[in-house]
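Me: I want to learn how to read contacts, sheets, helices and cores in a model. Please take me through one.

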Amino acid sequence: MANDPRKPQSRGARSARSPWREQAESYLNHHRKVARDSARRLWLSPIASMMTWTVMGVALALPVALMLLLASLEGVSAGWESSARVTAYLSDSVSIEEARALEAEVADDSRVAEVELIDRDAALAEFRASSGLEDALDYLNENPLPHTLLVTPSESSRTADGVEMLLTVIEGLDGVERVQVDLGWLQRLNAMTDLLGRAVWALAILLAAAVVLVIGNTVRLAIESRRDEILVAKLVGGTDAFVRRPFLYTGAWFGLGGGVVAWILLQLSLWWLSGPVERLAGLYRSEFSLNGLSFDGALALIIAAMLLGWLGAWVAVKRHLDDIEPGEITGG
């Protein structure tokens, strides 16, 4: 009997906690039910749903494809930057000993990874062997070629700005007559890719806005077709969140389908273009290749598409749901 007073207390504690659990379970069950019902409605109208998914897929795939192309170009240009070398031509009056001293001085710079000295006699011998002009070169009274330093920048300096700074330092050395590095075209390429990158982001924002408008218009039509159902739900005390929830799930399902279609279009485009691109790159002895979306990228694309679909549905519901009031029935 001493334990009897504690039994009602434990039942009371359980009963005090149960309403919260029941409310949470009811809330989650309603979300699951609404999500299934929204998906079922899309499945029952496959043609209209597929048209919306296709429009979304094309709008999402275009900017993503351009971003992948720019990423591939930037990777190739980075490889070209890393292989850039500075060629320093020394004055004709510089002796081989002075050239070696300059080689040691340049090698001591922290921005330099390697320096190679090519003396004029070795350069002339190589030119004689590779040019096929042995007889013409025999008529030369003296060697016209200068000593040359081939300077490879360090890894931290293998950028356009880093090479420019190293170029300025080498040009200021005594005995250096001319310095050459072919980075002008690479700088122009980087400027063009930066401009194209900004243009792609602008296009992505515009197409994202178009996706939101397309989903908003589709959900607006769904709201109009279910006007009577909405009126009845509001009449019996349904909150705005309760009424809004099915349409938000509809927008999310539209976004999911559009993201999957966009991923399929990207994969098909990559498969179709990869062969010609590889053959073209092989002709130019380039390592350029088109890179597709990784798993994380595909997941991010689908999540972004679902967010855009949800946003479009929310805009449509916010704008049109307030116009539907139970007074349309009670007043009539």
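Predicted model: local features only at pLDDT ≥ 70, side-chain atom pairs only at ≥ 80, totals over all residues.

Me: Is leucine 166 buried or exposed?

Reply: Buried means under 20% relative accessible area, exposed over 50%, partly exposed in between (1.4 Å probe, protein chains only). Leucine 166 has 0% relative accessibility, so it counts as buried. Its place is in helix α6 (residues 160–171). Helices (H or I, at least four residues) and strands (E, at least two) are DSSP runs, numbered from the N terminus.

Me: What is the strand order in the open sheet of four strands?

Reply: Two strands pair if DSSP finds at least two bridges between them. Here the order is β2-β3-β1-β4, with antiparallel pairing. β2 (112–118) and β4 (176–180) are the edges; each has a single partner strand, so one side of each lacks a neighbour in the sheet. β2 and β3 (residues 148–153) share six bridges. Glutamate 116 has leucine 150 of β3 as its bridge partner.

Me: Which residues are buried in α3, and why do they line one face of the helix?

Reply: An α-helix has 3.6 residues a turn, so residues three or four places apart point the same way. In α3, the buried residues are Ala99, Leu102 and Val106. They fall within an arc of 60 degrees seen down the axis, so they line one face (the arc is that of the directions from the helix axis to the C-beta atoms). Their cover includes β1, β2 and β3.

Me: Which residues touch the most other members of the largest nonpolar core?

Reply: In soluble globular proteins, nonpolar side chains tend to be buried together. A nonpolar core is a set of buried Ala, Val, Leu, Ile, Met, Phe, Trp, Tyr and Cys residues joined through side-chain atoms within 4.5 Å. The largest has 29 residues, and Leu60 and Val219 touch the most other members. α9 (240–283) gives the most to this core, with seven residues.

Methods:
Residues numbered from 1 in each chain as written. Heavy atoms only, no water. Contact = heavy atoms within 4.5 Å.
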